[in-house]
Amino acid sequence: MPRRIESHWIAGPAGRLEALLEEPEAGPLRLAAVVCHPHPLYGGTMHNKVVYRMARGLRRAGVAALRFNFRGVGLSEGQHGHLAGETEDLRAALAWLRERYPDIPFALAGFSFGALAITRLGCEMGGARWLMAVGFPTDYGPAEYLETCNVRKIFIQSTHDQFGPRAELEPVFAKLAEPKELIWIEAVDHFFAGGLEELEERVREAAVR
């Protein structure tokens, strides 16, 4: 599907943030979503292949997708903020997106470290149509905040995710408040090797439900 893509600078709490906004080529916009990338200290950027596929799946579902680089990544200013700072970057990016599309519902999506940021902010503020956590890492600390979060939560996980294995994620997921769904994709690793096409399709399907 052809896409419209724009480069933007967003005023963030630690300096300006480098961003890309993608819109579907045709049809009315159904939603506007921010898509967050994996860990900044381990090579994560908005150009990560999983993040790219997520954005494309969302675009195919009629969603405007805003990808951006967290502080200190690419051309974004600032230094790594140990998740707390990046969550504030996300807050700034979401504010920009909601100003751009004031009459369209919003949603949040993120991969790995980005999944932590979007669930933390999304559960804190409420109001999102859904939170899409791809490759949710179970080894990053407690996630009790999700147990009382009543926003729709969509978890998409590789069957061989070394940072969020089935044996660890399923007990966590069982404790979470509804509404929630857990989608497993047959893939080799955390980065969905061998399963990227299915990931994109599952993202598209979940976004339109």
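Buried residues, those under 20% relative accessible area with a 1.4 Å probe and protein chains only, make up 57% of the 209 residues in this protein. Keep in mind that this is a predicted model, where local features need pLDDT of at least 70, side-chain atom pairs count only at pLDDT 80 or more, and totals for chains, interfaces and linings use all residues. Numbering runs from 1 along each chain as its sequence is written, and side-chain values use heavy atoms, with hydrogens and water left out.

Now the fold. We have five helices and eight strands. These are DSSP runs: H or I of at least four residues for helices, E of at least two for strands, numbered from the N terminus. Along the sequence the order is β-β-β-α-β-α-β-α-β-β-α-β-α. The radius of gyration is 15 Å, close to the 17 Å from the globule rule for 209 residues, so the protein is as compact as a globular protein of that length. That radius is taken over C-alpha atoms, and the rule is 2.2 Å times the number of residues to the power 0.38. The C-alpha trace spans about 40 × 40 × 30 Å along its principal axes.

Next, contacts, meaning heavy atoms within 4.5 Å. Of those with a separation of 6 or more, 66% join residues 24 or more positions apart.

Key: Buried < 20%, exposed > 50% of the residue type's maximum accessible area, 1.4 Å probe, protein only.
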